[in-house]
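Dear colleague,

I am handing over the structure below, together with some notes on what was found in it. Please read the notes with the coordinates open beside them.

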Amino acid sequence: MSQGAKEKTDARVKIQRFGSYLSGMVMPNIGAFIAWGLITALFIPTGWLPNESFAKLVGPMITYLLPLLIGFTGGRMVHDLRGGVVGATATMGVIVGSDIPMFLGAMIVGPLGGYLIKKFDQAIQGKVKSGFEMLVNNFSAGIIGGLLTLLAYKGIGPVVLGLSKALAAGVKVIVAAGLLPLANIFIEPAKILFLNNAINHGILSPLGIEQAANTGKSILFLLESNPGPGLGILLAYWLFGKGAAKQSAPGAVIIHFLGGIHEIYFPYVLMKPVLILAAIAGGVSGVFTFNILHAGLVAAPSPGSIIALMAMTPRGGYFAVLAGVIVAAAVSFAVASVILKASKAKEDDEDLTTAAEKMQEMKGKRSTAAAALVEETATAPVAFGTVNKIVFACDAGMGSSAMGASILRNKVKKADLDVTVINTAINNLPEDADLVITHKDLTDRAKAKLPNAQHVSVENFLNSPRYDEIVGSLQDKPTESAK
């Protein structure tokens, strides 16, 4: 690999890691965001079941609960529970020091609090006399948390407040000028580069929640989460594709549109990169439709399933949201159909494998959803040590790793093995994991996080022969030890 190509790959990996870190502060708390969205949709004066008493929950939840959860999660990602406590404490400074929901501030001071207490703990490690550990731990967290809270209140909060208002004003100008659909010229290619979670939960969701708090809904929640562009591409493959792509497309439609895992359609686009034009056309037309019909959601839908979109749609807004999804799907289907019918390349399994390799070059890592298209080459069996907990890890800890964990969990259950199988984000790997399964391009990160665990690399999460090897090895282990 040339020096220039290596630098580009390193830059992509750094961007992906930063994006994963941003979304990692929001995604574990999506349930709380959805709870707030449902309460808002139901009980505000324009909701389905207006209730003055229950509606009092809306303000405190968005002002205090959600930013505190983000701050706690950000601090915990840096330095476990102590980092989370200091991060949440400091977040109160930016909350009280502003008059808008302080999500961006929480994303800054939460990790900062975790970092400061981590550095303090490292500095005093081994220097505290026996019997004084609890005293030092409690007071250090309290003093650092208190000082950072004051700094956040007087210094960080006002700066972030100004930045947030500037960003919000910029969004309003773009919306008023009718230019918001053009954002998908950048969003759709970025999604293919695995920045979908970073864009949606790291950028659009915080801005959208502030907008929804003022107007009751926000179109920003629909920019990245619209399943229409991907649906159109998959339908085009279903009707006009060839080989394995055509055969796998129906299943991918269900996973994408109903399950909300958009990652499943990324490999189909990378098989024919010109299909990014179909995704862009669908995204732009969908947002244009949302814009003219004044569509919006009350909170971020996660995952990006049509079911989640409907659940987050305010009363009276279903036609606008469905129209945008349908238009996006129709336009992307039309463009993708023309491209596929005009293509003279033969799409067989070898071409799909080549497409997966191309995907790795473009992203700096493979899509785990490529499992719907390609087969992994089996490797030599591996013998494992004691295994009580198996952990699947990917960037977000949802979607593809969840599907892989489900597959292996069923195999473990059928083999009657007493082994726990879970999935998580790579940044949150538990210390008690005995065996960690990651995509091969994430294995180095997993080993750096848990160097003492056993690690297995796979080409995909949905159809790996390594699962049978793992189960076979664990089944044989008692017999071998008994010999």
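This is a predicted model: local features need pLDDT of at least 70, side-chain atom pairs count only at pLDDT 80 or more; totals for chains, interfaces and linings use all residues.

The protein has 16 helices and four strands, and of its 483 residues 52% count as buried. Among the contacts in the protein with a separation of 6 or more, 73% are accounted for by residues 24 or more positions apart.

Two helix pairs are described next. Two packed helices are described by the angle between their axes and the distance between the axes.

In the pair formed by helix 7 (residues 228-240) and helix 8 (residues 243-258), the axes come within 7 Å and cross at roughly 155°; because angles over 145 degrees count as roughly antiparallel, helix 7 and helix 8 are roughly antiparallel to each other. The crossing of helix 7 with helix 8 is left-handed. Helix 7 contributes G230, L231, L234, L235, Y237, W238, L239 and F240, which meet A245, K246, A249, P250, A252, V253, H256 and F257 of helix 8. By class, this contact of helix 7 with helix 8 divides into 13 nonpolar residues, two polar and one charged.

In the other pair, helix 10 (residues 276-292) packs against helix 12 (residues 318-342) at an angle of about 155°, with the axes 7 Å apart, and helix 10 and helix 12 are therefore roughly antiparallel to each other as well. Their crossing, however, is right-handed. On the side of helix 10 the contact includes L277, A278, A281, G282, S285, G286, T289 and F290, while the residues of helix 12 that take part include A320, V321, A323, G324, V325 and V327. The contact of helix 10 with helix 12 has 13 nonpolar and six polar residues, and no charged ones.

The last point concerns T73 and N29, two residues that touch each other. T73 is found in helix 3 (residues 58-96) and is buried, with a relative accessible area of 12%. N29, which is found in the loop between helix 1 (3-26) and helix 2 (30-43), also counts as buried, at 9% relative accessibility; both values fall under the 20% cut-off for burial.

Leaving aside neighbours within four places in sequence, T73 is in contact with G24, M25, P28 and N29, and N29, with residues up to four places away likewise not counted, touches L69, I70 and T73.

Terms used: Residues are numbered from 1 along each chain as its sequence is written. Side-chain values use heavy atoms; hydrogens and water are left out. Axes are lines fitted to C-alpha atoms, for helices over the stretch in contact, and angles run from 0 to 180 degrees between N-to-C directions. Helices (H or I, at least four residues) and strands (E, at least two) are DSSP runs, numbered from the N terminus. Angles under 35 degrees count as roughly parallel, over 145 as roughly antiparallel, 65 to 115 as roughly perpendicular and the rest as oblique. A crossing is left-handed if the near helix is turned anticlockwise from the far one by less than a right angle, and right-handed if clockwise. Contact means heavy atoms within 4.5 Å. Ala, Val, Leu, Ile, Met, Phe, Trp, Tyr, Cys and Pro count as nonpolar, Asp, Glu, Lys and Arg as charged, and the others, Gly among them, as polar. Buried means under 20% relative accessible area, exposed over 50%, partly exposed in between (1.4 Å probe, protein chains only).
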